[in-house]
Amino acid sequence: MSNMGEDSDCEVDRIMVGRPPSSYGSMMSEDHEDLDDFDEPPVQTLKVSLGAQTGVRLYRSESPETAITERTHTNRSSVHKEGVFLNEHTSSVEAFLTQQSIDREPTTLEPLQSDLRTDVIRTERETEEEHLERQMEFNERDTEEVNEGDMQVEQNKQDVQEESNEREMDDDFDEIVVDLGFSESEPPPHPPEGVGLQFQHPHRSLTLRHVLMAMVKSLRPLKPGELTYFKRSLCSHYRFEHDYATIAEISDALDLADKLIELCGMGEAIYLTIRSLENIQKDDLANTLRKTCRRALLQHELRLTHERRYYSLYEGRCRPGQQRFISDVYVEPLTVIRGDGDPVNTEHEVRQIQCTVQETMIRAADIFRPLPNEQETVRTVMMTGVPGSGLTVAVNKFIIDWMEGKTNQDFQFVFPLPGKELHLGKEGDQTFLEMLATFFAEAEDIRFIEKDDCLSLFIIDALDLCHYPLDFQNNETVTSVRTKASVETLIISLIKGTMLPHARVWITSHRTAAHKIPPQFISRFVELRGFTDEQKEIYFTKRTSEPQLGRKVFNHMKRSRALQIICHLPLFSWMVAYIFERSFRDPKFGEHPPGITNFYPQYVIVQMNRSFERYRGSSVEAQRWKDEDKMFLEKMGKMAFRMLQDGRETFSVDDLHAVDLKYEDLCTRDEITTEVKRTSEDQRTWLFKFVHYTFLEFMAAMYAYVAFRKHGKNVFESKNPLSKMLSKDRPMIELYRPAIDRALSSQNGHLDMFLRFLVGLITPGTEGHLRGYLLNHYHPKPKGTEEVVKYIHKKIKENVHPDRCRNLELCLVELEEGKNDS
């Protein structure tokens, strides 16, 4: 092929058809021979050759990058000692093509011809000119140093060192850029709902053209033998271990880079190229490529890290081997921009509460997108939710969707900073980059993160687990990621926006700790509200590999109105699905409506264990239940019983003091309660609730049952001076007779659910969940349970209160369900 003029159109077509397909459009050159002795053809012969190439076949036209790579199809390149270049007669060829196009319609390829090759030439010329200018400066400086003496030599060396440092700093940024073909000042297209910040204006260094040019520039200086060793080095990677033939015959740098990107993607192609260049002792080329594609390489490494950390999750508690892929179980919960609404779901089977608060719903991926009527940027988002609403899972799904390129692609980098681990890094003062490198080694010394065009997201997950007080008033201000300060100061400066003002910050926390951040530093408050009825059905059918079983579980769950309501908590839905899926293995299961009591003690124990893990650690000793933990539940139950009698649903710090508890006790075991109101810094004005009103009713019933079984105390009896002498093994009818009578005498049914929980606790299967926690392992079995059943049947026959008698029938369901679990 030394003479392109001898190639006929048919010959060119034959060669083009023989090319391997490429997802980016095949860019392979036909110049497989040694081209050092290449003779430039005359203009006339070149016209024929290039004219034939305008009909290049695109093998994968559906590729998103076809528009870029089609431009490389229409140009032939030659490899000379100076590198890739276009022939000097390009202008004549363009005139020829223009003349030929007069009598036919213009194609979309013609205006895009030679762009990529021209960019490569321009970049090379600029690089050579800069090199020559720097060399002349160095030569002049050396001459001056000789003439001025030793003192001046030292001064000039210092200047050279400073200039070198500045140059190194400049090299830390992405310097090689390309023209994307649009003005960044143009308003971006409005993305559809649910994709977040995704305006289709990627940074120039993250585009295919930039990466392709950088790879070509690094591969072009390789000699034929070195290129062969380079390709063999790639075989150590699993993608090429058994598929070396895909790259074995490629000798053109542009075609090889294109093939690597096609097979591996941009990020992995850069990584493999750098690694293989280092393997063949081309460290200078590897370093140049690493500096030129710093952002793309860091993004790729972050995506790999996120995939390892967040692609799977544990439902409930961490159990080895029980993790699930997040895409198999995740259902997006209801998310609202926090207004004046109650954070606790007020829906109840018996109590009817009117709720007319209108709230703005928002997709979880769109929390950083301004609303249509908002003009300001949403920089800092605070997301809260009651325990069990799925805050951490929402963060994981957000990260995975970004990693997979589905949503929020305007974020170049996403850095999760777990609040529980912020204090575990390097001690003493450090820069923000050093602190970041503690969590992500890939992010070490990324000074370009301060640039305005580097949009990053920092996620501080579980702020309530952060050990730092976060004093926003008495901390110094940090403005640079290279300024050393304490970790607390760095976090505060990041949230305030004095450091990295163009970054975005997402904070998740329980409401109790959300007040650590002054509201003036939060752009948007968001609340997770859990599942709607439609989302519950999606979850139950999605999480199992047998959709028919999932629908059966969901339909069985709906038979209990109370159970259907409480399943708005994703964690509770997991527990119901987990138990029912295994229960349906028995063909006889599902004949009776489901009970609810069996789930509540398990849920409370799971949440207590989760609080131990959150605040104490994951060691065996940290997970061990202590006497104060058991007493905490008893005292919370005592307070709940008082609230139930008074008809209250909120409690304060004074209510905690009344049962010998402190605010600190609640903060470290806050998995079944949540803060609902804080109007001042005075703790006595803070108001709290259980995560749902049924938990208040269950805790009250559990307290009444445990007090009777463990201490022989009947909460329905007036104080007896001889109560300490009462037997701990009293007949159960002594507790249940007054409880049933009081529930039946209630006009509004405020004791209905309490009675249902109390009756359900008497069954062996449900009481077994309390053994080892609030009851001893070998506690005597309850006496007189048959009399309790007879008394319930008697009251149903009397039918004195028809509305209340319906609740007694549901109490019998709890008894039947508890027997099956024994």
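By a cavity I mean, on a 1 Å grid over the protein atoms alone, a set of points where a 1.4 Å probe fits but cannot get out, whereas a pocket is an open set with protein on both sides within 12 Å along at least five of seven lines, and lining residues have an atom within 4 Å of a point. This is a predicted model, in which local features need pLDDT of at least 70 and side-chain atom pairs count only at pLDDT 80 or more, while totals for chains, interfaces and linings use all residues. Residues are numbered from 1 along each chain as its sequence is written, and side-chain values use heavy atoms, with hydrogens and water left out.

The whole structure contains 14 cavities of 30 Å³ or more, a volume being the space filled by probe spheres set on grid points that are joined across faces, edges and corners. The second largest cavity holds about 110 Å³, and among its 13 lining residues Val344, Glu649, Lys689, His692 and Tyr693 lie nearest the centre.

Turning to the open spaces, the second largest pocket has a volume of about 1500 Å³, and of the 50 residues that line this pocket, Thr392, Val393, Asn396, Asp461 and Arg610 are the closest to its centre.

Finally, the cysteines: the structure has zero disulfides, a disulfide being a pair of cysteine sulfur atoms within 2.5 Å. Cys466 is buried at a relative accessible area of 7%, and Cys805 is buried at 5%, where buried means under 20% relative accessible area, exposed over 50% and partly exposed in between, with a 1.4 Å probe and protein chains only.
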